[in-house]
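Visitor: Hi, I'm new to this one. Could you walk me through it?
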Amino acid sequence: MAYDSHAAAPGHDAHDDHKPHGWKRWVYATNHKDIGTMYLVFAGLMFFIGGAMAMVIRAELFKPGLQFVDPMFFNSMTTMHALFMIFGAVMPAWTGLANWQIPLQVGAPDMALPRLNNFSFWILPFAFTILFCTLFVPGGGPAGGWTLYPPLVLQGSESFPMVIFAIHLMGASSILGAINVIVTIMNMRAPGMSLLRMPLFVWSWLITAYLLIAVMPVLAGAVTMLLTDHFFGTTFFTAAGGGDPVMFQHIFWFFGHPEVYILILPAFGIVSEIIPTFARKPIFGYEAMVYAIASIAFLSFIVWAHHMFTVGMPLAGQLFFMLSTMLIAIPTGVKVFNWTATMWKSSMTFEPPMLFALAFLFLFTIGGFSGLMLAIVPADFQYHDTYFVVAHFHYVLVPGAIFSIMAGVYYWLPKWTSRMYDMGLAKAHFWLSAIFVNVLFFPQHFLGLAGMPRRIPDYAVQFTDWNMISSIGAFGFGLSQLIFPYLIWKCVKSGAPAPARAWEGAHGLEWELPSPLPYHTWETPPSADVIARSAEH
Amino acid sequence: MSAVIKPEIPASELAERKRRAKRAAVLLGLVAVAVYVGFIVLTFTRGSHG
């Protein structure tokens, strides 16, 4: 860290602000800021590994025919790309942001269970090392898709038990992290920080943490049953033994759909922090925003079978899952309306966090609309397993989740480092990302509507043009992301000093703290008037 | 203006907060284990046609 943690800070005992040095600081870390940093660095590393896999996929799909890799390895890349991005990049990035921000924003000195916090993080490098090593065992890595559907997954390579073990570890890490978040928010808030005074990022994470505890064990149960089917002769999902492979799909998506919201709800929280700051207005409809997040979380449990319309189900089932899915548009619409209303007649400025938040607003909405199209049963029969689906979920996850993570980092980086980053470089990063992400994913809608299936290394020649454009977008997007770590490194090394309240319109307890941030914060809780001032909504 | 108040939280309240935190963590962990076991039992009883 570049800042001097011993610098005298108002309201803090400087003598008590020591921090450990060297490798022990990180291996034995119990400080929420250190663990948050480790989560974010780990997520960044996984983002680039997962991104490299995406480059392999797009290079192979640049033109028809087999170019660089054999089909099995291609399928392995699509599977591993998803696992690395979902469980390695996005989820740990959210946990990193939660670790940094939740104690600062609720006026707590640290997470409630610091040693558990350390354990949650250090599980992850082992999990992903195991997962990555599957590429080097006989038969290669998992290639049946991240959904791990039987019977295909049971016919996989010798890497199968390693994948199952890695997924168990990731699940355990997520559950422990979620327990820590809930316990911190419910028990460690400063006096006077009532639930409806909490920042929306904290609210979004509280609800996300409940989702995690409810659904990660479901995934663990599903993969445990796969393991026993494979090695111990059970037939949970084997039709020949009286089992039901479709049951796996129900269980997987009972986890999988809430998982999608686990990936996006904290994004709603971040955007709800950033837009009011740069619009210089309180968020429009704070309570409605909280209820909308809670409604989306509830609805996420009753829509899972929209992923499986083509498997076959009774008409009543199709209607139920179609209509319940469409219902999600209502609370989501409330959120989009409230973000827009917050900006209405405001004094907006367009610093990098705001640019990423606005891109989120436009592009996530496109992903939402294509999701609504996919919810329509007869239409889904056309779109299912095509590139339209790939375009849909990448619009939700890349300009949705990943842009919000970047927005969050650009928003809080001056607080974390007490230094301001290079604005010009950050804006270049934004514009290159925003342009290339559309070049990359928008043509995939056309490919899907024209009938190009997903998860194939080769395709019919009529799909060539849009695939070429999409691949060019991918290379451009991938290269643009190299700006991000360089910018952070430059900021930490030589950024200009940032004031304690880095953004003119920023409210929230974290901005009441001095910069450089002391290593230990809120050891004495903030006063009632500071809490009241920080919760201006 | 200082963003903090003195004195610090009393030790008795800190101890009670620790107890509450531990209790809540154990409870949430048990919920997770129950969901894990519950779904395996559900699949065992409802999923097979045998």
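Guide: Happy to. Helices (H or I, at least four residues) and strands (E, at least two) are DSSP runs, numbered from the N terminus. This is a predicted model, where local features need pLDDT of at least 70, side-chain atom pairs count only at pLDDT 80 or more, and totals for chains, interfaces and linings use all residues. Residues are numbered from 1 along each chain as its sequence is written, while chains are lettered from A and ligands numbered from 1 in the order in which they are written.

Visitor: Great. Where is Thr521(A)?
Guide: Thr521(A) sits in the loop between strand 2 (496-497) and helix 17 (528-534) of chain A.

Visitor: Is Thr521(A) buried or exposed?
Guide: Thr521(A) is buried, with 27 other C-beta atoms within 10 Å. The cut-offs are 20 or more other C-beta atoms within 10 Å for buried, 12 or fewer for exposed, and partly exposed in between, with C-beta atoms placed from the backbone.

Visitor: And what does Thr521(A) touch?
Guide: Leaving out residues up to four places away in sequence, Thr521(A) touches Leu104(A), Pro109(A) and Leu513(A). Being in contact means that the C-beta atoms, placed from the backbone, lie within 7 Å.

Visitor: Which loop holds Trp522(A)?
Guide: Trp522(A) is in the loop between strand 2 and helix 17 of chain A. Its phi is near 50°, a positive value in a residue other than glycine, and Trp522(A) is buried, with 25 other C-beta atoms within 10 Å.

Visitor: Let's switch to helices. At what angle do helix 7 and helix 10 of chain A pack?
Guide: Helix 7 (residues 245-279) and helix 10 (residues 329-343) of chain A pack at about 15°, with axes 9 Å apart. Axes are lines fitted to C-alpha atoms, for helices over the stretch in contact, and angles run from 0 to 180 degrees between N-to-C directions.

Visitor: Which residues of helix 14 meet helix 16 in chain A?
Guide: Leu425(A), Ala426(A), Ala428(A) and His429(A) of helix 14 meet Ile483(A), Phe484(A) and Leu487(A) of helix 16. By class, that contact of helix 14 with helix 16 of chain A has six nonpolar, one polar and no charged residues. Here Ala, Val, Leu, Ile, Met, Phe, Trp, Tyr, Cys and Pro count as nonpolar, Asp, Glu, Lys and Arg as charged, and the others, Gly among them, as polar.

Visitor: How many residues of helix 5 of chain A are buried?
Guide: 20 of the 28 residues of helix 5 of chain A are buried, so it is largely enclosed by the rest of the structure.

Visitor: And what's in chain B?
Guide: Chain B has one helix and zero strands. Of its 50 residues, 18% are buried.

Conventions:
Contact = placed C-beta atoms within 7 Å.
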